[in-house]
Structures are given as structure tokens and as C-alpha cells.
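Hi there,

Here is the structure I promised to pass on. Have a look at it first, and then read on for what turned up.

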Amino acid sequence: MPLNARNGFGAWKSRTTFVLALSSSAVGLGNLWRFSYLTGEYGGAPFVISYLLCLFLIAVPLLIAEVVIGTHGRGSPTIAIRWATDRSLLSRNWMVLGLLASFTGLLILSYYAVVAGWGLAYAGFMASGVFSSASALTVGAHFDQFLASPRVLIYWQSLFLLMVVATAVMGVRRGLGLMAWVAVPALMVLLGVLVVFAVENGDVQAAQAFLFSVKLMDFSAKSMLVALGHAFFTLGVGVGVAITFGAYAPQRIPIGRSVIAVALFDTLISLAVGLAIFPIIFANNTEPSMGPGLLFVSVPYAFGNILQGELFGTLFFVLVVVAALGSAVALMEPCVRLLMQHWRMPRLFAVLLVAGVVWLLGLGTVLSFNVWHRELWFGNWNFFALLDAITADFLLPLVSLLTAIFVGWRMRVEILRVELYREAGLFFSLWRFLLRFIVPAAIVLIFVAGVLGN
Ligand code: PHE
């Protein structure tokens with residue numbers, strides 16, 4: 001019998017902690033940084049609509065599937081999948097899925113930590129008042145200058161990773177549990193303040209038109225693939241996090257409803273971020289489509305030129321860091337659990353090892369914003385762009401497709417029904433239908449169309 005939550009390995013006692021932990025994994029840079037710059041880059045509403053559809057029709061059923069693997073198998077992604085294969089008399093080769101998922105999380109975390117480091121730096125910059133009454137040009141130049149120094153970026157990346165390590169070492173039960181109880185409510189309060197601020201000071205009408213008014217011809221296959229990838233990214237699907245969290249979940253939780261609550265909450269945060277950022281961007285004639293720098297150029301500029309902006313700008317970046325911390329700890333957890341279960345590594349070693357690998361890999365991202373800026377690896381992608389595309393637009397859909405096949409087509413249906421026994425029969429049938437037919441078909445279709453339409 002493997003060492004896992006079945007034989008008393010620290011499970012969460014309360015359902016609320018489980019839901020909060022899933023929320024703190026879901027809400028992060030995906031909502032604050034990635035969603036806003038992708039929405040800006042892919043022209044607003046069409047992207048938002050594709051993303052919402054992908055989220056609720058594809059990502060949500062998958063997240064439920066992952067939690068089911070976790071509550072059934074009660075272990076790291078590989079161990080939980082092995083449990084599931086043994087109960088359903090399937091080949092143990094499916095364990096590769098757990099490995100692939102955990103590895104994808106590691107890749108994501110490598111650039112995630114770099115960008116979170118920017119957030120940390122910018123909280124400091126905002127507080128120091130360097131952006132007071134600065135022109136858009138000055139703020140842009142400041143960002144370019146900031147990115148130009150690998151040493152500075154490595155410093156902030158390392159600092160952020162230290163925070164992650166400190167939280168992760170405490171373990172899922174204390175570290176993540178505590179994080180969830182503090183981070184999620186803090187985030188909501190801060191974001192509420194920011195939205196009110198944006199509504200009072202920004203151009204809400206322009207932002208609303210940009211975010212919500214669609215013309216059919218604006219949809220493109222490429223933007224749909226990016227939206228699909230982002231739906232996975234923002235909900236934290238495809239990296240084994242939900243399997244790991246499911247393993248810690250208390251018995252008898254209504255998995256379906258919990259996941260839907262998390263998805264609604266995550267969406268609410270993303271849209272609120274949109275409503276906090278875009279009115280200010282439009283009111284200040286800033287370009288919404290400037291790419292990954294959007295958050296770090298528009299926001300400081302906008303806040304720097306508005307009464308009390310310094311305070312709110314600082315709060316905003318503190319929020320970015322707090323949110324990123326919860327997600328980063330989650331992203332690390334599948335690998336940590338893998339090392340702990342397969343090699344019996346103490347948590348501290350596992351955490352340090354994973355953080356070390358993530359730090360090293362992250363150097364590639366750091367350098368692609370300066371020294372390797374023009375070094376193209378493939379097509380017109382530098383290291384960071386390539387890593388982002390490979391993870392979000394390829395690996396997440398791939399892991400998700402395999403998960404849908406594994407849970408939807410291979411695992412015994414009685415097992416699934418038992419894990420989801422708190423949900424109504426109709427809900428169960430609908431979920432299984434989506435997972436078996438809609439999810440795989442949509443992923444393949446969107447992926448192929450997106451790649452061809454490139
Ligand atoms: N969902 C997180 C975010 O939006 C990122 C993440 C991805 C976390 C995958 C866990 C797993 O920032």
C-alpha cells in the first residue's frame with residue numbers, strides 16, 4: 001500500500017479549505033497578467049467569449065475529472081492514477097499521464113516565478129513613487145530598462161521563489177490551507193477597491209465595449225486555441241494540481257458543485273481585473289495590445305497619473321504577488337508529492353529540489369527578455385514565447401485530452417459515480433457526456449484549426 005492520504009496522510013478537514021485551496025490555485029497571474037494581455041492582444045470580446053465557452057464546457061468537466069482521480073486515488077498524480085488503473089483493470093502505462101502533467105506544471109512555474117518577481121519589484125517601485133506624474137513613455141522606458149538587466153530579474157525571481165519555498169515547506173495542510181484562508185479574501189477585498197477606483201476614474205464605456213461587444217467576423221481559430229489554453233491555465237487544469245488537491249479533500253464533498261463554484265469565482269476575478277485595468281488603459285490612451293508588458297506598463301502609468309494612484313498601484317501589485325504565490329505553491333505540489341512518494345524524499349528536500357530546477361529553467365525566460373531577446377528558437381518565438389506556447393497551447397490541451405479519455409472512456413463508471421455520489425443523476429450524466437464527447441472533440445478541433453490557421 002502506497003504512502004498516501006488513505007493511511008492518514010494529512011487530509012484537509014473542512015470542505016471550505018478545499019474549495020479555498022482550489023481557488024487560490026486557480027486565481028493568479030493567469031487572471032491578473034495573462035488574461036488582460038491576451039484579451040488586449042486578441043482584440044477583446046471574441047477572445048473573452050471563446051474563453052468563457054472553453055472554460056465552462058471543457059475546462060470545468062476536466063477539473064472535476066481530475067479531482068475525481070484524486071479523491072479516488074488519494075496520492076500524487078502518478079500514484080493516484082496507478083490506483084485508478086488497478087481498480088479499473090487498466091494498463092499502468094497511464095501513469096505517464098501523471099508524469100506529463102507534473103512536468104508541465106514545472107515548466108509553467110519556471111516562467112511564472114519570473115513574472116511574479118516582476119510583480120514583487122513593481123510593488124516596490126509603485127510605493128517609492130517613481131511613477132508619479134510620469135509619461136507613458138517614461139513608464140515604458142522604465143519597464144524596458146528593468147527587463148534589460150538579467151541580474152535584477154534574477155534577484156526578484158529568486159526572492160519570489162524563496163517565498164514559494166517557505167510556504168510549500170509548511171506542507172499542503174498548513175502552508176496551502178493557511179495561504180488559501182488569507183490570500184483569497186485579501187484578494188477579493190483589494191480587487192473590489194480597485195474596481196471601484198477604476199469605475200470612478202477610468203473610461204468604463206470604452207472598456208465595456210472592448211470586453212463585451214462582439215462581431216462574428218472577429219473570431220479566429222488562432223485566438224480560439226489561445227482561449228482554450230488560457231481556460232486550462234486559469235483554472236489550473238492539466239498539471240495534476242486538482243489530482244493532488246483531491247487527494248487531500250475531505251470525504252463526501254460535492255465535487256461538482258465545488259468545482260463550479262471555483263470556476264465562477266475565477267471568472268469573476270478575471271472579469272473584475274478586466275474592469276479594473278481596461279477603463280484606466282482607455283482613459284489614458286494606452287495601447288491594449290502591447291503583449292506581456294501590458295500590466296507592467298499601463299497600470300503603473302495609469303496609477304501614476306491619478307490621485308492616490310501610488311497607494312492603489314502598490315496595493316495592486318501586492319495583490320498580484322499574493323495571488324501568484326498561491327498558484328505557484330500549487331503548481332509545485334504535484335512534483336513535490338511525486339518526489340516524496342516515489343523516492344521517499346522528505347518534503348523539505350523535495351521542495352528545494354523542485355525550486356532549484358524551476359529557478360534554473362527560469363533563467364531561460366529571464367534571458368529571453370534581454371540577452372536572448374532576438375535569439376529565435378522556432379519561427380518567430382524566443383525562449384519565453386516558445387515555452388508559453390508549448391505549455392499553454394500544446395501540453396495543457398494534450399494532458400487534458402488524455403485525462404478526458406482516461407476518466408471518460410477507461411475508468412469504470414461505477415467508480416466515478418461513487419466519487420460523485422453527492423451530485424444528482426442528471427448532473428452526472430451531463431458531466432460524463434461532456435467529458436466523453438464534447439471535451440475530446442473540441443480539444444482536437446480547436447487544436448488542429450488553431451495550428452493550421454496560424
Ligand atoms: N491558475 C493559475 C493562474 O491563473 C496558474 C496555475 C496553472 C496554477 C496550473 C495551478 C495550475 O495563475
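**Pockets, cavities and the ligand**

Helix H16 gives the most to the lining of the largest pocket, with 8 residues. Before going further, please note that this is a predicted model, in which local features need pLDDT of at least 70, side-chain atom pairs count only at pLDDT 80 or more, and totals for chains, interfaces and linings use all residues. Residues are numbered from 1 along each chain as its sequence is written, and side-chain values use heavy atoms, with hydrogens and water left out.

A few words on terms. Helices (H or I, at least four residues) and strands (E, at least two) are DSSP runs, numbered from the N terminus. Pockets and cavities are found on a 1 Å grid over the protein atoms alone: a cavity is a set of points where a 1.4 Å probe fits but cannot get out, while a pocket is an open set with protein on both sides within 12 Å along at least five of seven lines. Lining residues have an atom within 4 Å of a point.

Two or more lining residues come from each of H2, H6 (136–148), H10, H16 (383–410) and H18 (425–452). By class, this lining has 23 nonpolar, 10 polar and 7 charged residues (Ala, Val, Leu, Ile, Met, Phe, Trp, Tyr, Cys and Pro count as nonpolar, Asp, Glu, Lys and Arg as charged, and the others, Gly among them, as polar).

The second largest pocket has a volume of about 240 Å³. Its 13 lining residues include Thr71, Arg74, Gln251, Arg252 and Glu419, the closest to its centre. Helices H3 (45–73) and H17 (413–419) each supply at least two residues of that lining, which divides into 6 nonpolar, 3 polar and 4 charged.

**The ligand and its cavity**

Where does the ligand sit? The space it takes is the largest cavity (a molecule sits in a cavity or pocket if more than half of its atoms lie within 2 Å of its grid points). That cavity has about 140 Å³ of space, and 16 residues line it, with Ser25, Phe233, Gly236, Ser327 and Leu331 nearest its centre. H14 provides the largest share of this lining, 3 residues. The lining has 11 nonpolar, 5 polar and no charged residues.

Around the ligand itself there are 14 residues (a heavy atom within 4 Å), and the closest are Ala26, Leu29, Gly30, Tyr112 and Phe233. H2 (29–41) gives the largest share of this shell, 3 residues. The shell splits into 7 nonpolar, 7 polar and no charged residues.

- Tyr112: a polar side-chain atom lies 2.4 Å from a ligand oxygen.
- Phe233: a polar backbone atom is 2.8 Å from a ligand nitrogen.
- Ser25: a backbone N or O atom lies 3.1 Å from a ligand nitrogen.

Taken alone, the ligand exposes 320 Å², and the protein buries 100% of that (accessible areas come from the Shrake-Rupley method with a 1.4 Å probe; for residues, only the protein chains shown count as cover).

Best wishes

Note on methods
A polar contact is a pair of N or O atoms within 3.5 Å; within protein, one must be able to donate a hydrogen and the other to accept it, and residues adjacent in sequence count only if both atoms are side-chain atoms. Grid points are joined across faces, edges and corners, and a volume is the space filled by probe spheres set on the points.
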